[in-house]
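Subject: Model handover

Hello,

Here is the model we talked about. Please open it alongside this note.

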Amino acid sequence: MNRARRWAAALLCAACAAAAAWGAPLKVLVTGDMHGWLEPQDRGARRVGGAAEMLARWKTAEGYVPASFLVLSAGDVATGPALATVYDGKPAVAAMNLMGYDVSALGNHEFDFGRAALDELRREARFPFVAANILGEDGKPAFPQFALIEEQGLKIGVVGLYTMQPHQASHFDGLTVEQYQPALRRAAAAARAAGAQVVIVLGHASQRDMQRLARETKDLGVALFVGGHTHEFRCERAWGGGAWFVNAGSNFGGYVRIDLDVDPKTGAADVLDVKAVEMVERADAPADPAVRAEISKWETRLAADYGEVVAFSARGVDDGWPVYNLVSDALLERVPAADAAIVNPHGVRQGLPPGPVTRGTVVSLLPFRNGLRLVEIDGRRLASFLRRPKPGAVWGLGGLRWEGRRWLLAKSGAPPDPEARSKVLVTNYMLESMDGLTGLTGELIAEDYRRPLYAWFAAHPTSPERPLESLVDPAPRVAP
């Protein structure tokens, strides 16, 4: 299906079920995985997203006023561009406060800045972050399991669920993640006991996970499951009728509007309409002035703190292999003791735009609080790790090349010796969360994994006459 048809399908993702005339309408707006992309993004000839632009669209297209809508976030509110990363997600939460969000699922990237920073972010938010299945050392929920929201004459229990996928253990600080079903059953019962007339599931989890959970918990009568984490932009109804599943995309690039009809006495809910809206804007699209002013305040601070220019690119460095190779080659060059560098592509979040590259640009490129370590790993284990974990998955590689159906080390021109150890640069995140590396420790090279990249920029000055992309190898480095 081509792009135009996909978006057409999304826009037509609506259900016009027969109204039960229970007389308690509930209007819901959902966004997912915003990652702090508060500004619109230029994607070719298209201009997409923007927090201030989205609020203006809600007001004009949806008739939005905070008292008449339930506004939900599926989590991962920050860790994207420098604006929302440098300041531990606070600019994103400040914008969401002005937009009138009622509740957010707790996403894995809310932990990127450490527990203390997360607690401060939660204090800054005028809405709760919920996660019923994150447990403390005492085995009890470590965060609110649900939010009880009084909206449009109804008491709504919004139960949060956190992804079961791996996370960085050091940032998680001893917490554990419980399976979805028992957590939902416990939280839904608690929400009902607190007075909730209807329950909505707000999960930082894939639509597939939410659909499986809905089948396992049909008896709970949940009409709406909101998902996130996987950046899907989909809305579907369970086969044969029943619950709806919605995922609202990412980066403020779209939202989903849901209208329900609720029986206040029984808590039964019927989804009347579902509408997915892509945020494609004109260059002069209206923007909410209060949100625009808040974003501008943070941008002024960012320019003062992280505006130093470290490189120049004439055409930009594309996301994917060009930027993976730039990062892995730069790390390898700045640590001569290393034989190879392996970069997790999900830790490299975007390409580099044309023009001056500032320290803030580098934070947008590598947004995580991550250390760089030099580990010793035998050739057999290294070869096993380099096998692609699933079709299409790759590693960013420096100092390794594929030749003759095997990986070769550039230093020696030979494959890694199965019995000998090679010195390989990896991040703390990779050591803590990736099969094949867990259990290794190694030497801490840099507490901030951006530092060697800054040093590489300093050692290789760039300019309009010698732009950054002229120093970058864009070729794929992957086993066929």
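Below are the findings, grouped by region.

First, the ground rules. This is a predicted model, in which local features need pLDDT of at least 70 and side-chain atom pairs count only at pLDDT 80 or more, while totals for chains, interfaces and linings use all residues. Residues are numbered from 1 along each chain as its sequence is written, and side-chain values use heavy atoms, with hydrogens and water left out.

Start at strand E12, residues 224-227. Helices (H or I, at least four residues) and strands (E, at least two) are DSSP runs, numbered from the N terminus. Leu-224 and Val-226 point one way from E12, and Phe-225 and Gly-227 point the other way. All of them are buried. Buried means under 20% relative accessible area, exposed means over 50%, and partly exposed lies in between (1.4 Å probe, protein chains only). In a regular strand the side chains alternate between the two faces of the sheet.

E12 runs parallel to strand E11 (residues 198-203), joined by two bridges. Two strands pair if DSSP finds at least two bridges between them. Val-201 sits opposite Phe-225 of E12. With helix H8 (residues 207-216) included, E11 and E12 form a right-handed β-α-β unit. Right-handed here means that, with the strands pointing away from the viewer, the path from the first strand over the helix to the second runs clockwise. E12 also pairs with strand E14 (residues 244-248), in the parallel sense, over four bridges. There Leu-224 faces Trp-244 of E14.

The open sheet

Six strands form an open sheet of mixed pairing, in the order E6-E5-E4-E1-E15-E16. Strand E6 (129-130) and strand E16 (269-278) stand at the edges with a single partner strand each, so one side of each has no neighbour in the sheet. E16 pairs with strand E15 (residues 254-262) in the antiparallel sense, over nine bridges. Tyr-255 stands opposite Val-277 in E16.

Two helices

Helix H14 covers residues 451-459, and Pro-452, Leu-453, Tyr-454, Trp-456 and Phe-457 are buried in it. The buried residues of H14 pack against strands E18 (309-313), E21 (372-378) and E26 (443-446), and against helices H10 (321-334) and H11 (359-365).

Ala-187 belongs to helix H7 (residues 180-193). Ala-187 counts as buried because its relative accessibility is 0%. Leaving aside neighbours within four places in sequence, Ala-187 is in contact with Ala-132, Gln-145, Phe-146 and Val-159. Contact means heavy atoms within 4.5 Å.

Two positive phi values

His-231 has a phi near 60 degrees, positive in a residue other than glycine. His-231 lies in the loop between E12 and strand E13 (233-237). It is partly exposed, with a relative accessible area of 35%.

Arg-405 is not a glycine either, and its phi is positive at about 65 degrees. Its place is the loop between strand E23 (400-403) and strand E24 (406-409). Arg-405 is exposed, with a relative accessible area of 77%.

Regards
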